[in-house]
Amino acid sequence: MEIPIGSQTKNFVYYSQYVLIDGINYLGILNYERNKIEIYNLDSGTLTREIQFFHDGPKAFGRVSNFFIETLDSLFVDCDSEMSVGIADGRGKILKEISYREDTYGRKFFPTPPWIGSRPYKIGNTIYYLQSYMSEDSNGILSEEKRKETFLNVMLNTETGVCFTPPLIYPDEMVGREVWRSPNVMRTINGNGLFVYHFSNLPYLFLSNDLKSFRKVPVESNYRLKLNEVSYKYRYDMTGALMNTITHDMIRDIFYDKYRDCYYLFYMKRNENPDTGNNLFLKLQYPDCFILILDKDLKHMGEVSLPDNIYSFQFSFITPEGLYISEDHPNNPDFNEDLMRFRLFRLEKI
């Protein structure tokens, strides 16, 4: 699939949303630099709508960080720096604003970056946010006492404006481990309201359908993961931190595929002998990747290792056809900055 884009749009996208409206496949992307949402018709490969927002002036809302498309004329837009959600029409006019700076008990919270596996989810009238934590007073290590305050989720009711914090906290397996990195938790949600979490470097998935307690299942894979155990010592050593990250495997995203009732875990594959002369930031932005495929019960189904320097897997979405992954890696011989290009992967039994 190829979609032409304008000179003001990049084909590396931090946040996107696939929607099916009136039988037509649409992809909304966040043009973060221009503070606008672009909605593309995937069936025709054309730009359907550009919705401009303002972060200063009389029509200011703020810088959009993520969004939820309801229809082409109704969207929920989020400004995480202001911790405010706006209900907008198809022209970018904000009809209503809702603050989520604190919950019903007056507690402030710190949402994770709203991208990749830390993205919020909107189910019905409720937006579910994740929280991140820092342990400055304990060298980044989570203590049992601190864990009691690590509420994971915040629920914002977009009709009433009520912000509620459920009692679910980090699992006790995180005690004694680092939490200073952000994000250190990722999640997805299936069609039955089951949240699936992955924490830091733990080799487990943690499941919750009541946002009160967990049960855990091991991550099954034929690939031997080498997970990062200690990185706090590199906090003030940027090159050391980048090298430490690159030489370990790391989960970077987690998807639930509602059409096939399965899960995709995207892992950045380690490079045990990285070239320090290369651009390390570029390597993190476009890492080598393999996808772990789990069935509806989180059991191993298979895995796919993607070729190096071809895919930009952080820009992916799921449709009734299958999983689409961006091919816009800058080292791809066919790279074209004027196009968004995607490869379709279909799940098939062998």
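Contact means heavy atoms within 4.5 Å. This is a predicted model, in which local features need pLDDT of at least 70 and side-chain atom pairs count only at pLDDT 80 or more, while totals for chains, interfaces and linings use all residues. Residues are numbered from 1 along each chain as its sequence is written, and side-chain values use heavy atoms, with hydrogens and water left out.

**Exercise 1. A nonpolar core**

Which residues touch the most other members of the largest nonpolar core?

Step 1: Start with the terms. Buried means under 20% relative accessible area, exposed over 50%, and partly exposed in between (1.4 Å probe, protein chains only). A nonpolar core is a set of buried Ala, Val, Leu, Ile, Met, Phe, Trp, Tyr and Cys residues joined through side-chain atoms within 4.5 Å.

Step 2: The largest such core has 31 residues, and I37, V77, Y100 and L156 touch the most other members. Several strands give two or more residues to this core, including strand 2, strand 4 (36-41) and strand 12 (153-157). Strands, like helices, are DSSP runs numbered from the N terminus (strands: E, at least two residues; helices: H or I, at least four). Strand 7 gives the most, with 4 residues.

Step 3: Now look around L156. Leaving aside neighbours within four places in sequence, L156 is in contact with V85, I98, S99, Y100, N125, T126, I127, Y129, G161, V162 and C163.

Step 4: Apart from this core lies another, of 19 residues, with L142, Y170, L202 and L211 among them. As background, nonpolar side chains tend to be buried together in soluble globular proteins.

**Exercise 2. A hairpin**

How many bridges join strand 2 to strand 3, and how many residues lie between these strands?

Step 1: Two strands pair if DSSP finds at least two bridges between them. Here, 6 bridges join strand 2 (residues 16-21) to strand 3 (residues 24-31), and the two run antiparallel.

**Exercise 3. A threonine in a loop**

Is T9 buried or exposed, and what does its side chain contact?

Step 1: Find T9 in the loop between strand 1 (2-4) and strand 2.

Step 2: With a relative accessible area of 9%, T9 is buried.

Step 3: The T9 side chain makes a polar contact with the side chain of E38 (2.7 Å). A polar contact is a pair of N or O atoms within 3.5 Å; within protein, one must be able to donate a hydrogen and the other to accept it, and residues adjacent in sequence count only if both atoms are side-chain atoms.

Step 4: Not counting residues up to four places away in sequence, T9 touches I29, N31, E38 and Y40.
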